[in-house]
Amino acid sequence: MHLERSGPEARIVLAAHNAHIQKKPVSFDGQLTGLPMGQHLHNSLGGDYVALALTSPAGHTADMRPDETARFGFAIDNTALQPPEPGSIEAAFAEAGLGLGFADLRQAHETIGPDRIRIQSAYVHTPVLEAFDGILNTPTSTVADIDQ
């Protein structure tokens, strides 16, 4: 969405999944699986690119699974989230007991932080402090009840 500004002060807000906006490569189980849009934007825009993630330690998520009979080739399942894995940003939020909160990772003083973040009911292994500028935590994630 283009905001109502032009010239050097113009800004664009782009909503996308955490794995798409992160500034570091995407890996599952140690396997490089993609170079996300966020990495390209960060390389092009430097500090003008800000990646804000959204996550939750509990609740449900919309898991996608391949389904050739579905309209777009996949179905969506309302899946209960398991307790956060140790080393995840979700575990850090749960341990802190903050509930609804925001972590400004640009202010983090640690050099090593959480090494994973949820992607649906799985985890993307990434250096969270480097991959995102901030993370919004909601205490409980829910799935909208819509027709596929």
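Me: On a 1 Å grid over the protein atoms alone, a pocket is an open set of points where a 1.4 Å probe fits, with protein on both sides within 12 Å along at least five of seven lines. What is the volume of the largest pocket?

Reply: The largest pocket has a volume of about 620 Å³, where volume means the space filled by probe spheres set on the grid points, joined across faces, edges and corners. Among the 16 residues lining this pocket, Ile12, Val13, Leu14, Tyr49 and Val50 are the closest to its centre; a lining residue has an atom within 4 Å of a point. The model is predicted, so local features need pLDDT of at least 70 and side-chain atom pairs pLDDT 80 or more, while totals for chains, interfaces and linings use all residues. Residues are numbered from 1 along each chain as its sequence is written, and side-chain values use heavy atoms, without hydrogens and water.

Me: Which residues are the closest to the centre of the second largest pocket?

Reply: The second largest pocket has a volume of about 280 Å³. Its lining comprises 15 residues, of which His17, Leu54, Thr55, Thr61 and Ser141 are the closest to the centre. Strands S3 (52-55), S4 (60-66) and S7 (116-119) each give two or more residues to this lining, and the largest share, three residues, comes from S4. By class, the lining has five nonpolar, nine polar and one charged residues.

Me: What makes S3 and S9 a pair?

Reply: Two strands pair if DSSP finds at least two bridges between them. S3 and S9 (residues 134-137) are joined by four bridges, in the parallel sense, and therefore they meet the requirement of at least two. Within this pairing, Leu54 stands opposite Leu136, and Leu52 has Gly134 as its bridge partner. The pair belongs to an open sheet of three strands, in the order S3-S9-S6, with mixed pairing. S3 and S6 (101-104) are the edge strands, each pairing on one side only. Neighbouring strands of the sheet are turned by 20° against each other on average, direction ignored.

Me: Why is Leu136 called partly exposed?

Reply: Buried means under 20% relative accessible area, exposed over 50%, and partly exposed in between (1.4 Å probe, protein chains only). Leu136 has a relative accessible area of 36%, so the residue is partly exposed. Not counting residues up to four places away in sequence, Leu136 touches Ala53, Leu54, Thr55, Leu100, Gly101 and Phe102, a contact being heavy atoms within 4.5 Å.

Me: Why does Ile112 count as exposed?

Reply: The relative accessibility of Ile112 is 72%, and therefore this residue counts as exposed. Ile112 lies in the loop between S6 and S7. Its C-alpha atom is separated by 8.9 Å from that of Val128, 16 residues apart along the chain.

Me: How do you know that Gln39 is buried?

Reply: Gln39 has a relative accessible area of 15%, so the conclusion is that Gln39 is buried. This residue belongs to helix H2 (residues 37-45). Leaving aside neighbours within four places in sequence, Gln39 is in contact with Gln22, Lys23, Lys24 and Pro25. Helices (H or I, at least four residues) and strands (E, at least two) are DSSP runs, numbered from the N terminus.

Conventions: Nonpolar A, V, L, I, M, F, W, Y, C, P; charged D, E, K, R; others polar. Axes fitted to C-alpha atoms, helices over the stretch in contact; angles between N-to-C directions.
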